[in-house]
Amino acid sequence: MATNAAKTTASHLIGQPVDRVDGVLKVTGRAKYAYETAPSGMPAYGFIRGAAIGKGRIATIDTSAAEKAPGVIMVMTHRNAPAQPEFGPPRIKGPVFVRARPVLANDQVTYFDQPVALVVAETFEAARSAAALIRIDYARDGGVFDVESHVGDAYRPETINAGMATDTAVGNFDQAFADAPVTINAEYRTPFENHCPMEPHATLASWSGDELTLHTSTQTIANIRAGVSATLQIPPEKVRVISPYVGGGFGSKLIPHAEAILAALAARSLRRPVKVALTRQQMFANAGHRPMMLQSIRLGADRQGKLSAIGHDVVSSTARAEEFAEQTATSTRSLYAAPNRRTSHRLVRMDVHRGEWMRAPGEAPGMLAFECAMDELAVALEIDPIELRIRNEPDRDPERNVPFSTRNLIACMREGVRRFGWDKRPATPASRREGRTLIGYGMSSAIRPNYFQEASARASISKDGQVIAQCDMTDIGTGTYTILTQIAAETLGVPIDTVKVQLGDSSFPRTPGSGGSWGAATSGSAVHAACTALKQKLLEAARQHEKSPLKGVNTDELNIVDGQVLSAGRRMSVADLVGMIAPEGLSADGKVAAADTYKTYSQHAFGAHFAEVGVDCDTGEIRLRRMLGVFAAGRILNAKTARSQLIGGMIWGVGAALLEEGVIDKRYGQFVNHDLAEYHVAVNADVPKVDAVFVEEYDDKTNPLGSKGIGELGICGAGASVANAVYNATGIRVREFPITLDKLLPDMPLVAI
Ligand code: MOS
């Protein structure tokens with residue numbers, strides 16, 4: 001196994017399964033979310049009215065009845081909304097996170113449920129009631145509301161998400177595929193999906209002079225600040241963004257949405273705090289989605305299962321008004337060896353709101369399809385799917401020809417085989433039955449790139465020995481407060497209960513926030529740097545201060561352990577030291593630069609998923625029976641929060657395989673199942689037994705902590721293990737997700753009673 005020895009320091013706090021430091025606040029309802037924040041001054045409440053057409057323009061809009069309704073303070077439409085900059089072309093280079101996002105800017109409707117009015121009233125109920133009184137006549141244009149009938153119009157985007165290459169080609173794919181004795185050529189369809197975080201998008205805006213404060217629900221403070229300042233045309237320093245607790249984001253809270261812009265505009269007009277939230281229904285059209293995709297996967301192999309050709313071609317929906325290109329085939333570029341390969345991404349313009357990053361953008365739908373295709377190849381070759389993957393393990397990144405920083409995919413598979421009891425897998429599909437239930441096992445690989453960004457943090461210590469670590473990072477439910485507390489305490493050598501981490505405020509040092517699975521490593525490294533700098537200050541003072549009992553001791557003989565500054569035989573408490581040298585407290589800043597080791601190495605976290613399903617042979621009902629994920633993701637910063645996060649991702653994979661689909665009305669462009677009653681997600685009853693474990697790893701090419709991102713790793717490939725188990729149970733290959741019973745029933749094997 002190619003792991004490096006895990007590096008730990010004396011106090012061993014990093015990695016421990018420490019309980020969430022904010023857990024009690026959350027379960028007792030004391031962690032305040034944006035909409036719950038009480039401003040100084042009575043807030044007014046905004047309610048958004050959405051467009052009832054998918055494309056066209058507002059012909060007439062009559063707000064008179066709404067304006068006269070009880071409690072109404074203001075009705076804002078495109079006729080009276082404050083001037084905002086033009087939105088600009090669908091694609092602008094670079095500043096997607098920070099571009100102006102004007103709302104109610106003109107009479108044009110570019111997607112169904114686009115905001116066309118904001119009613120502000122004394123209460124939420126009054127605003128909602130009055131919003132229904134606005135009369136709107138539309139001039140409707142025909143729009144494009146499906147991908148399938150417009151595949152011929154697909155275009156090639158200049159780049160795909162995160163600036164990755166749209167297409168890649170190595171060797172001669174066409175020739176190798178044509179020559180291969182065993183081939184798979186399959187088309188998969190993955191649907192629109194929605195993030196649906198528990199906490200809706202919500203903002204409280206208040207002004208003090210020319211300064212705006214937004215209490216909002218966001219993953220990335222700096223993006224909201226930049227986007228709002230660009231839209232309102234005020235300097236970023238005049239926008240303070242506060243977001244200490246966030247009830248989930250999953251990529252849907254990386255840019256400002258209509259509620260933030262409208263709250264800010266209305267609060268400025270009224271000189272009064274204004275709260276606006278998207279309703280659950282409004283989130284479906286207005287807060288991003290995962291685009292729907294058609295994925296063509298072609299594999300060519302010899303009879304021993306050695307791949308000679310890998311092709312992954314994707315057609316995905318995008319919005320006419322703003323391009324978003326998921327990097328769906330990019331995992332395929334690094335996963336298995338084959339001398340001849342191609343990947344491509346094409347987009348079909350639709351008249352919907354823009355797609356947004358949704359947990360493992362690209363990798364999640366891409367691996368769902370690709371890892372099913374690998375299973376199809378294993379079936380065609382009559383090779384165990386794990387053996388097939390082992391035979392195609394690359395020793396270098398197969399497209400970039402650089403070494404992997406670490407790659408423990410095989411170790412994950414082998415550990416999973418042992419723990420899951422893979423040897424008991426039914427060798428023949430549809431061959432095992434318990435009563436009227438067909439049983440099947442499936443597996444898949446997981447791969448997710450590791451990213452690292454520039455970040456900064458501050459650490460301070462008081463004469464009471466209390467430590468505060470600050471940065472504008474967010475905790476979107478992932479456990480950031482907890483891991484940063486562990487990192488700060490271990491780095492400084494102080495007890496964990498003397499450390500308080502403060503996040504989610506634009507007045508704190510800047511980080512890239514929560515996104516791309518870089519949050520823990522990036523903000524953690526910044527906190528590590530700040531605490532290291534603070535520790536150096538403390539140690540220097542201890543050996544230099546006149547009255548210090550440690551005066552004159554060499555730096556390398558000094559350390560801080562459990563809140564005590566120590567040298568052989570001598571000690572003083574950190575608190576006493578601070579009291580002596582800086583009674584007003586001492587602080588230090590730390591900064592880490594964006595890493596470029598991803599250029600010299602192929603840097604990914606890996607994993608293997610295993611699933612067992614039961615399929616009712618009369619109704620086709622699919623039930624997950626158990627699931628296991630084994631992951632190698634560098635050093636794990638907190639064994640408990642990491643496991644929870646990975647399990648969360650795996651459960652989402654179950655949803656992608658079996659349940660989730662945003663259904664669009666192809667005539668009108670509306671997402672019709674726009675609530676959690678009709679948009680199905682995996683709930684407790686769908687997930688009886690699921691576990692995630694780790695293979696020990698330390699990646700010294702990633703960051704000072706040796707960790708890798710895990711937020712998105714759990715969903716990568718997870719659904720494919722479930723889909724492959726459904727195949728193993730039934731012998732039916734469904735390539736259109738989600739796999740619902742109606743897709744199984746026509747082909748279900750007849751089982752005698
Ligand atoms: Mo993530 S989809 O970058 O929040």
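Which residue takes a positive phi in the hairpin of β11 and β12? This is a predicted model, in which local features need pLDDT of at least 70 and side-chain atom pairs count only at pLDDT 80 or more, while totals for chains, interfaces and linings use all residues. Residues are numbered from 1 along each chain as its sequence is written, and side-chain values use heavy atoms, leaving out hydrogens and water.

The residue is Gly209, with a phi near 60°, in a hairpin that has 2 residues between its strands. Strands are DSSP runs of E with at least two residues, helices are runs of H or I with at least four, and both are numbered from the N terminus. Strand β11 (residues 202–208) has 6 of its 7 residues buried, meaning under 20% relative accessible area with a 1.4 Å probe and protein chains only; exposed is over 50%, and partly exposed lies in between.

Now look at the neighbours of β11. Strands pair if DSSP finds at least two bridges between them. β11 runs antiparallel to β12 (residues 211–216), joined by 6 bridges, and Trp207 stands opposite Leu212 in β12.

Let's move on to the helices. Contact here means heavy atoms within 4.5 Å. Helix α9 meets helix α17 through residues including Met367 and Leu368 in α9 and Ala720 and Tyr727 in α17.

Finally, find Ser644 in helix α16 (residues 639–658). Ser644 counts as partly exposed because its relative accessibility is 37%.
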